[in-house]
Amino acid sequence: MSQPVLVRIDPVTPLPPGTPAPAGRLRLADVTAPAVTVLDLGITRGDGVFETVGVVGGRPQALQAHLRRLQRSATMLDLPELDLGAVEDAVRLAIERHDPGPFLLVKVVLTRGIEGGDGTPTAWAHAFEGSGSLDGSGRGIKVVRLDRGYRSDVAQTSPWLLQGAKTVSYAVNMAALREAARRGADDVIFVSSDGYVLEAPRSTVVLRRGEVFITPRTDIGILAGTTQDDLFSILTETGRTTEYRLVRQEELDEADGLWLVSSGQQISPVVELDGRPLPRYPELDAELLERLRARTA
Ligand code: PLP
């Protein structure tokens, strides 16, 4: 296992026009040494945002989409505007300094900074080896459906719940995965209390009905997935039909195919939902995985 690489970004906010980037704005740090203080609001309150970028053959995938989503999440949390160029440079530096590997991940984290401080965000990029253990070429995954406990209009009624922002408060998502494990499954599909399909704790849901590939619309308080977006481009380019819409949870029971997609897993076919076996498409899975891994931007 290669050593992870950590790059601190300070400042992560834009410099005044005409100001040259200060030396040491991007700083390589020892991953085994203390890097964040106990006063950091990212730690003490889970107050911050993050992105995880997949890296295949040294190329970060969907990097611009990840950067845009990082800024979108930061804006939803009233965090400052970011210098996305500096973040991009940090991601590229972390990849460059990491030992080459078939599949790396770079996590970018931005917190509200130090409690009682001046509001300067803490930011870093951290490259490490991805496991890829759940990828689509493998055995597929078993999934259970869990109630997320809010309605599909939560983003409109209660924007302070920050649904649709990628915050570092993932304790609920991790608890749902432990619940899945207790039920003998690998992952979860969340549904809203009014019966719509939402997302998985770490990935986007794509289902197949007949010849149409469908993903839930993102105005229901879910994350706009970068992998799903690229997957839909691939499906369209190869002559298949895609659709964004509200998906009733009953449709999961009638699905002709089901996948979870994300930067970390790429594409994982769901072979069982709540104990019911689902149709499998090994050739299609292999084709889609290959095309997703071949992304160059
Ligand atoms: N939904 C949630 C809640 C996630 O955490 C993730 C992954 O980070 C996704 C969807 C998939 O997003 P992406 O494909 O951009 O990795």
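Hi everyone. A quick definition to start: helices here are DSSP runs of H or I with at least four residues, numbered from the N terminus. Keep in mind as well that this is a predicted model.

With that in hand, let's look at helix H5, residues 171–182. At 1.5 Å a residue, its 12 residues should span 16 Å, and the end C-alpha atoms are 17 Å apart, so the two values agree. Just after H5 comes Gly184, which takes a positive phi of about 80 degrees.

Now on to helix H8, residues 282–293. How far apart are its end C-alpha atoms? They are 16 Å apart, which agrees with the 16 Å that 12 residues should span at 1.5 Å a residue. Within H8, the residues Asp285, Leu288 and Leu292 are buried. These three cover an arc of only 70 degrees around the axis, so they sit on the same side of H8. Pro282 and Glu283, on the other side of H8, are exposed. And what covers the buried residues of H8? The cover includes H6 and strand S13, residues 266–273.

H6 brings me to the ligand. The ligand is surrounded by 14 residues, and the closest are Leu223, Gly225, Thr226, Thr227 and Ser263. Two elements give two or more residues to this shell: helix H6, residues 226–237, and strand S12, residues 257–262. H6 provides the largest share, three residues. Sorted by class, the shell has nine polar, three nonpolar and two charged residues.

Note on methods. Residues are numbered from 1 along each chain as its sequence is written. This is a predicted model: local features need pLDDT of at least 70, side-chain atom pairs count only at pLDDT 80 or more; totals for chains, interfaces and linings use all residues. A residue is near a molecule or strand if its C-beta atom, placed from the backbone, lies within 6 Å of it. Ala, Val, Leu, Ile, Met, Phe, Trp, Tyr, Cys and Pro count as nonpolar, Asp, Glu, Lys and Arg as charged, and the others, Gly among them, as polar. The expected span of a helix is 1.5 Å times one less than its number of residues. A residue is buried if 20 or more other C-beta atoms lie within 10 Å of its own, exposed if 12 or fewer, and partly exposed in between; C-beta atoms are placed from the backbone. The arc is that of the directions from the helix axis to the C-beta atoms. Two residues are in contact if their C-beta atoms, placed from the backbone, lie within 7 Å.
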